[in-house]
Amino acid sequence: MARNKYPEVTVERILDAATRLFLEKGYDNTTIQDIVNELDGLSKGAVYHHFKSKEEIMDAVGDRMFLANNPFEKVRSRTDLNGLEKIREAIRINQSDEARTDITVQSIPLTRNPRLLVEMIESNRRILTPYYLELLEEGNQDGSLHTKYTREIAELIPLLTSLWLLPSVFPATKEQMKHKFYFLGEMLEKMGVPLMDDSVYALVDEFFEKIPEEQE
């Protein structure tokens, strides 16, 4: 069999089909065979050549959706916002992406897989921490923030939101998870980063309402 000269094209086709099916049918109701059926001329073996499991496909779908609509890139060059406002706006942009929010909710149970959990934490550290650090330092410079812990907070936010808030790691009901978020907001405010305002808390409440009860 001839080698695929353009493996990245195949990966994109797989992720396109998977994204469409996950959003239409849901992750649980989508099989690898369903994905293969959407890919004319591609075999199940070809899919497994690029992805070891359906969980790995979902992980890649989430990463691609974030990078395609990266909220930090959308705000970093805006001159009408200070550092604090940029972080808040990035959160709003991220949460307003309904497709990405849907995928995020569907992905929550997958974090029971230790390998995917570690990869998610590493990805957040590598991608999100530098964005947070840049905007936190900008906030200190423009006076919208007042903290001496920019690096620590830049590392802490992705860690807490990708590990501590996960019910698969620290079992919690939706109300308990929301309570943790309010705790996080109060803690950050005491460190000179009043990140959470009413609009952000409203988005948090809206997000948790989308989480099915069985995920508690």
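Leaving aside its neighbours within four places in sequence, which residues is Y132 in contact with? In this predicted model, where contact means heavy atoms within 4.5 Å, Y132 touches F72, I87, A154, I157 and P158. The model is a prediction in which local features need pLDDT of at least 70, side-chain atom pairs count only at pLDDT 80 or more, and totals for chains, interfaces and linings use all residues. Residues are numbered from 1 along each chain as its sequence is written, and side-chain values use heavy atoms, with hydrogens and water left out.

Y132 also belongs to the largest nonpolar core, which has 37 residues; F72, Y132, L136 and L195 have the most contacts inside this core. A nonpolar core is here a set of buried Ala, Val, Leu, Ile, Met, Phe, Trp, Tyr and Cys residues joined through side-chain atoms within 4.5 Å; buried means under 20% relative accessible area, exposed over 50%, and partly exposed in between (1.4 Å probe, protein chains only). At least two core residues each come from α5 (71–75), α6 (83–96), α8 (114–142), α9 (150–164), α10 (174–190) and α11 (198–209), helices being DSSP runs (H or I, at least four residues) numbered from the N terminus. Helix α8 gives the largest share, six residues. A second, separate core of 21 residues includes A18, I35, V36 and I103.

Next come the aromatic rings. Rings of Phe, Tyr and Trp (its six-membered ring) pair if their centres lie within 6.5 Å; planes under 30 degrees apart count as stacked, over 60 as edge-to-face and the rest as tilted. W164 and F183 are edge-to-face, because their ring centres are 5.7 Å apart and their planes stand at 65 degrees. This pair joins distant parts of the chain, helix α9 with W164 and helix α10 with F183, 19 residues apart. Y182 and Y201 are stacked, with 4.2 Å centre to centre and 10 degrees between the planes. Y182 is partly exposed at 34% relative accessibility, whereas Y201 is buried at 15%. F72, Y131 and Y132 form one aromatic cluster.

Turning to S53, this residue lies in the loop between α3 (44–50) and α4 (54–68) and is buried, with a relative accessible area of 18%. A polar atom of the S53 side chain lies 3.1 Å from the backbone nitrogen of E56. Beyond neighbours within four places in sequence, S53 is in contact with Y48 and R115.

Methods. Polar contact = N/O pair within 3.5 Å; in protein donor to acceptor, adjacent residues only side chain to side chain.
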